[in-house]
Amino acid sequence: MDKKYEKICGFGLFLLMCFSLLPIMYLGRYNHPTGDDYYYGAETVKVFRETGSVTAVLKEAADGVVLQYERWQGTYSAMFLMYLPPNIWSADAYRFVTAGILLLFTVAVFYFLRPILCEILRGTNALWLGVTSAFLLLAIQTVPFQGESFFWYNGSIYYTGYFAVTLIFFGLLIRHLLHPHVWNLPTLIVLAVFIGGGNYVSLLPTLLILTTITVLLAWYHSKKGICTGILLAILLAGLMVSAMAPGNQIRQSGMWKMPAWRTVLESLFQGIRYLDAWIGKWWLLVAILLAPLFFATYKKVSYSFRHPVIVLGYLFGIFCSMSCPLYYAMGSSGPARALAIVYYAFLAFTLAGYYYLLGFLYRCWEQSDHSSHMDERIKRLGQLSFVVVWGLFILMQILSGRVLECTSVKALHSLYNGEAVAYEEEYRERLQVLEDDTIQDVVFTPYKHQPDMLYVGDLPGDPEDPTNIKVAEFFGKASVMVDYSN
């Protein structure tokens with residue numbers, strides 16, 4: 001493997017990833033709350049305005065969790081965060097949502113992959129930077145429904161946020177298994193309690209992966225299995241507390257529940273549909289670019305990669321498990337914000353499977369008569385792939401217009417054409433009305449400017465809608481609505 005290619009690729013991708021975040025974060029300064037940001041913040045903002053006490057606000061949020069546990073849903077830690085949207089502290093605090101979510105997600109991916117790439121696979125820092133940055137570029141730039149993934153607090157914290165915390169959990173667990181430390185287990189326990197009260201879409205694969213790790217450690221008679229067993233028990237306890245909430249039954253009564261056998265079947269078919277839809281040119285571009293980086297690790301590890309069918313089947317099964325909670329509870333593939341973390345998992349599992357499959361092919365080649373020419377051929381193949389195939393794919397993406405669908409390009413477009421500023425002006429006009437105590441019955445016209453990603457929806461048209469009632473309560477109004485008749 002050419003070390004020069006590894007360094008150029010690694011640090012080049014890292015810089016590209018960093019610069020790609022800037023326009024998205026800058027667009028976040030025009031980001032504003034909507035819907036559930038007001039619905040769950042109505043009670044806590046009232047307490048903050050009356051007392052100015054953060055402690056009192058946190059207590060009110062905890063009381064809200066108890067209320068929702070009885071009336072709506074049992075995801076206790078997620079509900080606590082939902083009662084603390086940034087707009088309860090200040091009308092301008094919401095502009096930090098996008099930067100916060102992106103930084104949390106980015107740091108989590110780097111933290112998770114560091115021990116895997118640098119210790120288990122014995123890679124260099126350049127390889128770690130390159131692989132991680134490539135994954136983040138794919139995840140952030142090509143994720144469907146970027147608005148609900150990075151701009152809407154309620155949706156993004158519940159899914160992308162919890163996915164990031166789950167990566168931090170596994171990153172710390174890997175470090176603890178490699179180098180046990182007295183403070184690791186208490187921290188992992190706290191994270192397990194937190195994750196256990198989050199969304200089921202990321203919780204179910206977490207349980208399955210942790211169960212696999214525990215079984216393997218027990219199989220090899222490792223005492224470290226006690227640690228993972230404790231964490232697994234805590235996660236299961238969190239799931240039980242969440243799932244047994246009376247509010248879940250109330251919420252479920254308004255949804256169509258799918259039988260368990262059909263849930264599994266639908267999830268497997270949905271997994272196939274996801275693979276068909278998402279393994280496209282962007283994925284292939286990254287796969288080609290990472291191949292030489294992956295090959296650099298195969299010489300350093302003694303793993304045989306002898307079971308590609310079992311490993312790929314396992315990865316596909318874990319991936320499909322993410323759709324099970326959605327089909328079971330809703331009878332569908334779920335909302336856009338949930339689709340985001342399914343997409344992140346798709347990238348993680350397919351690239352992991354790709355790495356394993358390349359390792360299997362490498363070992364086969366290594367045992368063949370051509371093994372003596374291995375290094376030179378791989379070097380030439382990597383250079384040819386980068387110069388010809390990678391360049392060709394980039395050209396195809398530019399000509400097809402797919403570059404315009406990337407998150408950073410969309411952000412630049414909204415900033416350049418003035419939509420973001422126009423949306424900001426409309427929001428300020430609304431806010432001025434909402435903060436005017438002389439106006440009690442508020443009727444808005446729909447937003448004329450609805451920039452991609454910033455606009456994730458508006459208020460309902462019925463003043464008796466629960467969300468509008470909470471918005472009215474948030475601002476001390478008699479009623480609030482949006483008139484869609486014209």
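**Helix packing and salt bridges**

Guide: In this predicted model, helix α6 passes helix α7 in a right-handed crossing.

Visitor: At what angle do α6 and α7 cross, and how far apart are their axes?

Guide: The axes of α6 and α7, the latter covering residues 125-142, cross at roughly 140 degrees and come within 9 Å. Because angles over 145 degrees would count as roughly antiparallel, α6 and α7 are described as oblique to each other.

Visitor: Which residues meet there?

Guide: On the α6 side they include Leu102, Phe105, Val109, Phe110 and Leu113, and on the α7 side they include Trp128, Leu129, Val131, Phe135 and Leu136. By class, the contact of α6 with α7 has 15 nonpolar, 4 polar and 1 charged residues.

Visitor: OK, and what about α1 and α15, at what angle do they pack?

Guide: Helix α1 (residues 3-27) and helix α15 (residues 281-298) pack at an angle of about 125 degrees, and their axes are 10 Å apart. That angle makes the pair oblique as well, and the crossing of α1 past α15 is left-handed. The contact is made by Tyr5, Glu6, Cys9 and Leu13 of α1, together with Leu289, Pro292, Leu293 and Ala296 of α15.

Visitor: Switching topic, how many salt bridges does the count come to?

Guide: The count comes to 10 salt bridges. One of them joins the side chains of aspartate 92 and arginine 428, with an N to O distance of 2.6 Å. Aspartate 92 lies in the loop between α5 and α6, whereas arginine 428 belongs to helix α21 (residues 419-434), so this pair ties together parts that are 336 residues apart in sequence.

Visitor: Where does aspartate 452 sit, and what does it pair with?

Guide: The side chain of aspartate 452 meets that of lysine 410 in a salt bridge of 3.1 Å, N to O. Aspartate 452 sits in the loop between β1 (441-444) and α22, and lysine 410 is in helix α20 (residues 407-416), so the pair ties together parts that are 42 residues apart in sequence. Aspartate 452 is partly exposed, at 39% relative accessibility.

Visitor: And lysine 470, what is its salt-bridge partner?

Guide: Lysine 470 forms a salt bridge with glutamate 473, and the closest N and O atoms are 3.7 Å apart. The two are 3 residues apart in helix α22, which means that about one helical turn separates them. Lysine 470 is buried, with a relative accessible area of 18%, while glutamate 473 is partly exposed, with 34%.

Visitor: Which residues do shared partners join into a network?

Guide: Salt bridges that share partners join Asp92, Arg95, Glu424 and Arg428 into one network.

Visitor: Last one, on threonine 467: where is it found, and what is it in contact with?

Guide: Threonine 467 is found in helix α22, which covers residues 466-475. With a relative accessible area of 15%, threonine 467 is under the 20% cut-off and therefore counts as buried. Leaving aside neighbours within four places in sequence, threonine 467 is in contact with Gly35, Tyr39, Leu459 and Pro460.

Notes. Residues are numbered from 1 along each chain as its sequence is written. This is a predicted model: local features need pLDDT of at least 70, side-chain atom pairs count only at pLDDT 80 or more; totals for chains, interfaces and linings use all residues. Side-chain values use heavy atoms; hydrogens and water are left out. Helices (H or I, at least four residues) and strands (E, at least two) are DSSP runs, numbered from the N terminus. Buried means under 20% relative accessible area, exposed over 50%, partly exposed in between (1.4 Å probe, protein chains only). Contact means heavy atoms within 4.5 Å. Axes are lines fitted to C-alpha atoms, for helices over the stretch in contact, and angles run from 0 to 180 degrees between N-to-C directions. Angles under 35 degrees count as roughly parallel, over 145 as roughly antiparallel, 65 to 115 as roughly perpendicular and the rest as oblique. A crossing is left-handed if the near helix is turned anticlockwise from the far one by less than a right angle, and right-handed if clockwise. A salt bridge is a side-chain nitrogen of Lys or Arg within 4 Å of a carboxyl oxygen of Asp or Glu. Ala, Val, Leu, Ile, Met, Phe, Trp, Tyr, Cys and Pro count as nonpolar, Asp, Glu, Lys and Arg as charged, and the others, Gly among them, as polar.
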